[in-house]
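Welcome, and thanks for taking a look at this one. Here is a short briefing to read alongside the model.

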Amino acid sequence: MQTYGKRIEQNIMTTTEQGLNVRMQPSYHRFRVGKAEVTLWYQKAYHHTHTVIQKPDLLLEVKQGEKKSVYLFDAKYRIKPNHDTPSPREEDINTMHRYRDAIVEENGIKPVQTAIVLFPGKAEGYKQHHFYKSIECVGVGALPFLPGEEGLVEEFIEAICTVEPHFFSAE
């Protein structure tokens, strides 16, 4: 996100007399991008659900005034191998439906716009996969995410900046 804006605060890394401390507990990075405040959360817990606590891996939250959009990413390290393109398992896609529908804020609003499985796959040819196309259709799907295979996730995040320009404009 530093490519797009200026970091405001974070609580993932701290330095002490003993050296660098990386916190792998719930944490965040907050940025200012134009007029928007963008927060990347790691394992943010939602306690105000009507069933059980929901704690997805990553949330990208974009806020400007009263407006807010939330994009959820959850890493799944399993694939469903097939003859064409490896893809995430169906139960992992169903988990994204659950997150999107179960996460409710104190005011009763369901903030998650899109929920995406990040799985160990290749980007080549993946745009033809139904789990890629379903992101736009129903707000739930999957993107490959491996070292050297970050391109589709980067494209998605750049699209958020383009699709929701009211969040990012400096006016």
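Leaving aside neighbours within four places in sequence, which residues is Phe156 in contact with? The partners are Tyr71, Phe73, Thr114, Ile116, Ile135 and Leu143. Please keep in mind that this is a predicted model.

**The chain as a whole**

- The chain has 171 residues, and buried residues make up 42% of them.
- It contains 4 helices and 9 strands, and their order along the sequence is β-β-β-β-β-β-β-α-β-α-β-α-α.
- If you take contacts between residues at least 6 apart in sequence, 51% of them join residues at least 24 apart.
- The accessible surface of the chain is about 10,100 Å², and carbon and sulfur atoms account for 51% of that surface.

**The nonpolar core**

- The largest nonpolar core is made of 34 residues.
- Leu72, Leu143 and Phe156 are the residues with the most contacts inside this core.
- Strand 8, which covers residues 112–119, gives the most to the core, with 6 residues.

**Aromatic rings**

- The model has 4 aromatic pairs.
- In one of them, the ring centres of Phe73 and Phe156 are 5.9 Å apart and the planes stand at 85°, so this pair is edge-to-face; the cut-off for that label is an angle over 60 degrees.
- Phe73 belongs to strand 7 (residues 67–75) and Phe156 to helix 3 (residues 151–163), so the pair ties together parts that are 83 residues apart in sequence.
- Both Phe73 and Phe156 are buried.
- Another pair is Phe119 with Tyr126, whose ring centres are 5.4 Å apart with planes at 55°, so this one is tilted.
- Phe119 is buried, at a relative accessible area of 1%, and Tyr126 is buried too, at 0%.
- One aromatic cluster is formed by Tyr71, Phe73 and Phe156.
- Charged side chains also sit over rings: Lys44 lies over the face of Trp41, 4.4 Å from the ring centre, and Arg98 lies over the face of Tyr99, 4.7 Å from the ring centre.

**Met96 in helix 1**

- Met96 is found in helix 1 and is buried, with a relative accessible area of 0%.
- Leaving aside neighbours within four places in sequence, Met96 is in contact with Leu72, Asp74, Lys76, Ala115, Ile116, Val117, Val140 and Gly141.

**Salt bridges**

- Side chains of opposite charge can pair when their charged atoms come close.
- The structure holds 12 salt bridges.
- Lys68 takes part in a salt bridge with Glu61, at 3.6 Å from N to O.
- In that pair, Lys68 is partly exposed, with a relative accessible area of 27%, whereas Glu61 is buried, at 5%.
- Lys68 also meets Glu105 in a salt bridge, at 2.3 Å from N to O.
- Glu105 lies in the loop between helix 1 (90–102) and strand 8, while Lys68 lies in strand 7, so this pair ties together parts that are 37 residues apart in sequence.
- With a relative accessibility of 15%, Glu105 counts as buried.
- Asp92 and Arg78 form a further salt bridge, at 2.6 Å from N to O.
- Asp92 is in helix 1 and Arg78 is in the loop between strand 7 and helix 1, 14 residues apart.
- Asp92 counts as buried at 2% relative accessibility, whereas Arg78 is partly exposed at 35%.
- Through shared partners, salt bridges join Lys44, Glu61, Lys68 and Glu105 into one network.
- Lys44, a member of that network, is also the residue that lies over the face of Trp41.

Conventions:
Residues numbered from 1 in each chain as written. Predicted model: local features only at pLDDT ≥ 70, side-chain atom pairs only at ≥ 80, totals over all residues. Heavy atoms only, no water. Phe/Tyr/Trp six-rings, centres within 6.5 Å; stacked < 30°, edge-to-face > 60°. Helix = DSSP H or I, 4+ residues; strand = E, 2+ residues; numbered from the N terminus. Buried < 20%, exposed > 50% of the residue type's maximum accessible area, 1.4 Å probe, protein only. Lys NZ or Arg CZ within 6 Å of the ring centre and 35° of its normal. Core = buried A, V, L, I, M, F, W, Y, C linked by side-chain atoms within 4.5 Å. Contact = heavy atoms within 4.5 Å. Areas by Shrake-Rupley, 256 points an atom, 1.4 Å probe, with all protein chains shown as cover. Salt bridge = Lys/Arg side-chain N within 4 Å of Asp/Glu carboxyl O.
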